[in-house]
Amino acid sequence: MATYFLRRLLLLIPTFFGATILVFIILQLAPGGPLEQSIRQIQMGGMTGGEGASAGSSDLTSGGGAGLPEEAMEELKRFYGFDKPIIQRYLIWLGLWPREYETRNVEFTAGQAETKKNMGRGRWVTVKRTSAGFEIVNEDGTPNAEWLIRPLDSPDESIEKALVYKTKFSGILTGDLGTSYTYMQPVLNVMKPRFKISIFFGLSGFLISYMVCIPLGIAKALRHGSPFDLFSSVVVFIAYSIPGWALGAVLLILLGGGSFWDVFPLGGFRSDNWEYLSLWAKIIDQLYHAVLPMIAWTIGSFATLTVLMKNSIIENMSQDYIRTAFAKGLSEKRVIWIHALRNSVIPIASYIGNVIGVLLAGSYMIELVFNIDGFGKLGYQAILDRDYPIVMGFLVIAVLLRLIGNILSDFALATVDPRIRFK
Amino acid sequence: MSTQENTSQSTTVIITADPKATQEQISLSVLKKRWLKFKSIKRGYYSFIILLTAYILSFFLPLLISNRAVVVKYDGQYYFPIVQGYIPGNTFGEDVPGEANYRELKERFKSTPGNWVIMPLYPYGPLEDVTVTGNKMYEQPGAKHWFGTDNTGRDVFARLLYGFNISLSFAILLTIASYIIGVSIGAMMGYFGGKFDLISQRFIEIWATLPFLFVMIIISSIVRPNFFLLIVILTLFGWIGMTYYMRAEFYREKTKDYVAAAISMGQSHRLIIFNHILPNSLVPIITYFPFSVIGGISSLVGLDFLGFGLPPPTPSWGQMVSVGLQSMVKYWMVLAPLGAMFLTLLLIVFIGEAIREAFDPRVYSRLR
Amino acid sequence: MRDKLFEIKGLKTYFQIGGKTAKAVDGVDFDIYKGEILGVVGESGSGKSVSLLSLIQLIPNPPGEVTDGEIIFKGETIFNGQELRKIKAIPQYRFFNQMNASQRTGFAFLFMTVWLILHLVLPIPGVIPFLGSMILMVGLVYFLFFNSPRKSHERSFREKMYTRMRQIRGSEIAMIFQEPMTSLNPVYTIGMQVIESLKPKSFGEMTKDRVIDLAASFRRSTWRNKLKVSGIAAVLFLFFGQLGAGWSFLVSQMVTQFLTGGLLPLILGLLVVGLDKLISNDYRNANQALRNAGIKLLDQVGISSPETRLSDYPHQFSGGMRQRVMIAMALAKKPSLLIADEPTTALDVTIQAQILELMKEIKDLREDAAIVLITHDLAVIAETCERVIVMYGGKIQEVAEVIELFENPLHPYTQGLLNSIPRPELQKKERLQAIRGMVPNILNLPVGCKFCTRCDVKLDKCDTVEPDLVEVEPGHFTRCHLPIDAMAEKKLQGGNSPEAVQN
Ligand SMILES: Nc1ncnc2c1ncn2[C@@H]1O[C@H](COP(=O)(O)OP(=O)(O)OP(=O)(O)O)[C@@H](O)[C@H]1O
Ligand code: SF4
Ligand SMILES: [Mg+2]
């Protein structure tokens with residue numbers, strides 16, 4: 001049992017590295033990345049539309065930002081980390097290679113031997129150029145150990161450039177997911193509020209669907225072939241034929257007040273004035289906003305779960321041990337709820353872990369339709385904006401959730417099935 | 001025991017297959033029996049007939065629903081625009097740039113005896129937009145445009161029906177492509193087992209974590225994806241589901257006597273896989289096929305909705321929805337395509353359910 | 001003659017298989033007397049299991065149903081087929097009885113669609129009236145299409161019958177099944193299942209038991225073990241806590257996380273112990289008494305160290321052990337009838353003998369308890385039974401005392417069965433005269449005598465006319481068109497005595 005879990009954990013390590021490396025490489029090599037995007041933005045700003053708008057992305061990648069000063073290009077590249085080889089970038093992202101930060105440029109004109117630089121907070125250092133390289137000296141003349149320096153390529157022979165910087169190990173392994181390009185905030189900070197929203201929908205959707213589907217599945221199994229079963233089967237088929245987001249869209253059109261009834265709000269997680277409502281009104285407002293998305297949410301797993309439960313119960317009700325239980329003179333209720341149900345939740349138990357992943361990432365379409373700022377929508381938007389730190393953070397969290405989901409599944413399985421426990 | 005398998009099984013398909021079903025040796029007579037059973041399940045069988053008819057008919061849509069006339073008689077000469085294609089307007093003495101406007105032509109010819117136009121059943125095409133005189137943007141559903149027009153004045157009903165053909169063809173091709181890859185890789189994993197299996201599993205796990213949408217977006221920023229390219233890309237991600245079933249199936253079948261016999265007779269692996277085990281593992285392929293088609297249609301509509309699907313102006317359901325959702329009052333732009341998708345998927349669900357039932361040897365039994 | 005325990009008259013059990021009717025048991029009459037051991041033999045598929053399962057109404061319905069006959073237990077009619085037939089005469093639906101199931105649903109859907117379309121045509125103001133109309137629609141659909149007067153009658157009939165049957169099952173009739181490997185619930189302990197047949201525990205009681213168990217195991221575990229668990233929990237908490245906090249590595253935070261994780265198992269343990277304290281002593285004593293009874297039962301059927309085995313799961317038991325557990329469960333309430341459906345078929349030979357021995361011992365414990373032993377094995381019959389029923393094609397072909405049957409088998413089928421037993425003292429060529437041909441398909445049994453497809457001495461009318469079960473000698477019934485003399489002549493030359501068969 002313990003070794004089994006351990007094996008599970010160990011097997012996740014290659015997956016983690018494999019997935020992150022693969023995505024990292026694709027991200028870095030893909031055209032139209034953040035670098036090109038910001039170059040385009042700068043160009044568009046400079047040229048006020050005009051031909052800049054027609055510039056295709058292909059021309060950007062090859063040309064490397066025509067019209068942009070070389071220096072600004074270098075600056076941008078450094079900002080996005082594109083000045084280093086890809087392996088190094090990945091190691092930096094992991095936190096196994098020092099990350100440069102608080103960078104500053106220094107320039108030496110021909111013959112200039114030293115220059116003063118403001119390092120912030122009113123401190124100045126002197127950067128000296130010697131034959132061996134560069135040297136940083138404090139104001140009082142002692143060598144400075146805090147800052148590092150490295151030479152930069154310079155297009156102009158007469159001017160020598162260098163970069164003064166600090167380093168630290170800061171990456172995924174030290175818990176730093178980086179800083180978002182679009183929000184200019186640490187990725188975790190960007191994610192946190194959205195996480196809450198997704199968890200709200202995910203958890204309550206999960207609970208609702210389990211609370212509806214399991215009893216429904218049981219009832220359908222026990223009345224197999226009855227009108228109730230036929231009717232609910234049709235409902236289940238209908239539910240299976242509409243993707244959640246599509247149902248959401250239809251509900252919005254019908255009940256969102258556009259062309260038909262005006263019952264529910266058009267979207268969003270809460271009203272804008274939510275902060276100022278009384279507690280009761282807050283709850284009502286929250287529920288009011290949640291109804292439609294929740295229906296869309298639940299419909300996704302509704303059909304699958306119900307049918308799974310029904311088939312599982314039917315399967316188990318024809319097993320021999322059920323006959324034994326009846327032969328003991330047990331009541332039907334007891335046989336179903338104590339003997340059949342426990343065996344029937346085994347497939348459901350292994351499904352639980354799966355739900356966790358879907359809980360967060362699988363719902364971006366619904367979040368888009370209802371305009372809810374959830375986790376999925378964040379990921380989607382990040383992909384559109386080429387906000388790589390968020391994309392990579394999203395991936396890391398997805399892999400972690402998968403791990404947790406797997407463990408949860410195994411745990412749930414082991415709880416209901418002793419045969420697994422004793423393996 | 002592997003949760004991985006269990007979970008993926010339950011997500012992909014609404015119904016888990018019964019392993020007993022697969023133990024049965026599939027031979028022609030068995031398939032025939034299953035077909036008879038399928039036929040006896042009326043809901044599924046009729047759905048199949050309806051869907052098949054609709055799909056076949058949809059290939060002849062240009063004859064039924066088009067802005068090009070079927071026959072034009074002008075100055076004693078016959079023209080067949082549907083077959084001939086583009087005919088400039090001035091051929092018929094029309095004062096329009098580009099192609100003839102046959103609906104206007106028809107109106108005009110009413111007063112000129114001898115000249116006439118026969119239009120298709122529904123005289124609007126999926127691609128003609130506001131540049132054609134008479135078309136308006138966002139026209140409400142009515143007798144003229146049954147489901148209204150879209151943001152560029154194209155007829156929604158016509159686009160809907162053309163979209164049906166495209167979506168279904170897309171999903172079927174996608175499913176076949178994914179199954180070919182998924183089945184062969186899954187089969188090899190199950191058959192060879194050992195290290196190959198372990199490494200492939202890792203690879204699949206890694207591959208499955210790739211943000212698919214992201215790859216889509218990147219590719220669509222390099223090349224404009226067309227129908228076939230989109231199938232290729234989706235296949236890259238769609239083959240995974242089938243490997244789980246095939247792997248389990250082959251694992252089980254491999255241990256059976258007939259495989260040992262084949263090996264002892266010195267048959268090659270390829271022969272054993274394709275001639276012996278595969279026919280016996282057909283059941284999951286057949287029973288999951290309709291549900292995979294459903295998945296294919298849903299993902300196409302989803303991608304079109306996000307704007308990363310088929311290139312415009314391809315008639316597509318998702319693209320219509322995304323236009324319609326921008327303002328809540330263009331209800332027909334949302335309800336019509338989603339209704340069409342829903343009906344199509346419902347028919348396929350009925351078919352899939354009937355197929356599953358036909359292949360399911362279980363009898364419902366209940367003690368009291 | 002001893003008192004009758006059970007009387008079965010004209011019992012019919014049919015299965016619906018793919019639109020066809022399988023007459024698994026088609027008119028079976030027999031009695032079970034107090035204290036006897038009754039054997040039932042017949043080839044596979046002859047309806048042995050089904051007729052005995054019908055006796056306690058353990059027929060899966062659907063696909064099967066006990067359609068006719070009478071079951072009388074100690075003078076009380078438990079199942080009366082006549083009543084059922086009367087109910088079946090009531091029309092099934094209130095309206096449109098000529099439609100089949102799918103047409104019915106189809107029309108119901110049509111009705112609903114029309115109703116919904118009417119909504120689009122005639123605007124309904126507001127959502128509340130719309131919902132009201134929906135409810136009205138559902139109600140109407142139900143009343144028009146699915147309201148069934150017969151169903152309620154049928155339900156109450158079955159409810160009554162099953163309720164009474166459940167009182168009898170377990171306490172008066174117990175059953176052991178053919179498949180010990182699958183007859184125990186894999187997710188519950190042996191203890192739970194054995195004790196359940198003594199007294200089914202409610203969910204609350206099961207929870208209490210769980211608490212008692214957990215508390216006991218908590219008290220029992222060594223400090224080393226407790227520390228180990230705490231340590232693991234602490235590390236896990238630390239890991240996930242830090243993960244959640246974004247790897248802050250603040251010492252104070254880490255210490256809190258570590259301590260929370262470490263203390264949590266301990267707190268949970270103490271909580272359980274506290275809950276354990278809340279459980280009343282009465283309950284504990286009753287529980288202990290039940291446990292002891294369970295242990296005694298397991299001991300009785302020859303399971304060693306029953307105290308520890310109570311908390312094992314079925315998959316930890318071998319087939320023979322599981323069959324013993326089944327027997328223990330069957331004996332729990334000292335029933336007056338034990339039905340053993342091929343209790344030894346799935347087991348190997350030495351264990352078969354042990355199980356049979358066990359059953360005989362148990363029989364000795366209670367004088368007036370009857371046993372019905374279903375088997376293919378005539379040797380087992382000869383060894384253990386007093387009376388024998390021979391079944392073929394869902395009908396009883398011959399009934400007789402065991403010695404009478406072996407010495408004077410009248411029905412050609414019985415003779416065939418007896419001839420097919422390997423007996424060393426006969427010459428080689430006479431050995432193993434198996435009955436020729438195959439058992440006919442249950443879905444198309446012959447109209448006349450069920451055995452006519454394989455009978456060597458068949459008469460012309462056998463194909464079309466079904467013979468009756470007649471009493472040829474006191475207590476010896478047979479179902480064959482042959483005159484008695486002719487039947488008796490066909491006996492084996494070697495002579496059949498039960499002793500000869502046993503060897
Ligand atoms: N649950 C069921 N569903 C359908 N048919 C059944 C079912 N149970 C029994 N039957 C049918 O009833 C017939 C009699 O079965 P039964 O189990 O009584 O045979 P048996 O004499 O006990 O044979 P065996 O020695 O193999 O146990 C069989 O032919 C079988 O097809
Ligand atoms: S009735 Fe006829 S067929 Fe049947 S056993 Fe007797 S002789 Fe044979
Ligand atoms: Mg049997």
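Which side chains meet in a salt bridge, A:Glu332 and what partner? A:Glu332 pairs with B:Arg366, at 2.3 Å from N to O. A salt bridge here is a side-chain nitrogen of Lys or Arg within 4 Å of a carboxyl oxygen of Asp or Glu. Welcome to a predicted model, in which local features need pLDDT of at least 70 and side-chain atom pairs count only at pLDDT 80 or more, while totals for chains, interfaces and linings use all residues. Residues are numbered from 1 along each chain as its sequence is written, chains are lettered from A and ligands numbered from 1 in the order in which they are written, and side-chain values use heavy atoms, with hydrogens and water left out.

**View 1. Chain A meets chain B.**
Here, 70 residues of chain A are in contact with 61 residues of chain B, contact being heavy atoms within 4.5 Å. The two chains bury about 5900 Å² between them, and 72% of this is on carbon and sulfur atoms. Buried area is the accessible area (1.4 Å probe) that two parts lose on being put together, summed over both. The size of an interface is often given in this way, as the accessible area lost when the parts come together.

**View 2. Charged and polar pairs between chains A and B.**
The rule finds one salt bridge across this interface, and A:Glu332 and B:Arg366 meet in a salt bridge here. Four residue pairs, both residues at pLDDT 80 or more, are in polar contact across the interface of chain A and chain B. A polar contact is a pair of N or O atoms within 3.5 Å; within protein, one must be able to donate a hydrogen and the other to accept it, and residues adjacent in sequence count only if both atoms are side-chain atoms. On the side of chain A that touches chain B, helix 1 (residues 2-29) of chain A gives the most, with 12 residues. Helices (H or I, at least four residues) and strands (E, at least two) are DSSP runs, numbered from the N terminus. By class, that side of chain A has 48 nonpolar, 14 polar and eight charged residues. Ala, Val, Leu, Ile, Met, Phe, Trp, Tyr, Cys and Pro count as nonpolar, Asp, Glu, Lys and Arg as charged, and the others, Gly among them, as polar.

**View 3. Chain C meets chain A.**
This contact takes 42 residues from chain C and 35 residues from chain A. About 3400 Å² is buried between the two chains, with 65% given by carbon and sulfur atoms. In chain C, the residues that lose the most area to chain A are C:Arg166, C:Val187 and C:Glu196, together 16% of what that side buries. The rule finds four salt bridges across this interface, including C:Glu179 with A:Arg323 at 3.2 Å, N to O. There are also 13 residue pairs in polar contact between chain C and chain A, both residues at pLDDT 80 or more.

**View 4. Ligand 1 and its shell.**
Around ligand 1 there are 17 residues, and the closest are C:Ser44, C:Gly45, C:Ser49, C:Val50 and C:Glu342. A residue belongs here if one of its heavy atoms lies within 4 Å of the molecule. Oxygen atoms of ligand 1 lie 2.9 Å from a polar backbone atom of C:Gly45, 3.2 Å from one of C:Gly47, and 2.5 Å from an N or O atom in the side chain of C:Ser49. Taken alone, ligand 1 exposes 630 Å², and the protein buries 74% of that; accessible areas come from the Shrake-Rupley method with a 1.4 Å probe, and for residues only the protein chains shown count as cover. Helix 1 of chain C supplies the largest share of the shell, three residues.

**View 5. Ligand 2 and its shell.**
Here 13 residues surround ligand 2, the closest being C:Cys449, C:Cys455, C:Cys462, C:Cys480 and C:His481. The shell has 10 nonpolar, two polar and one charged residues.
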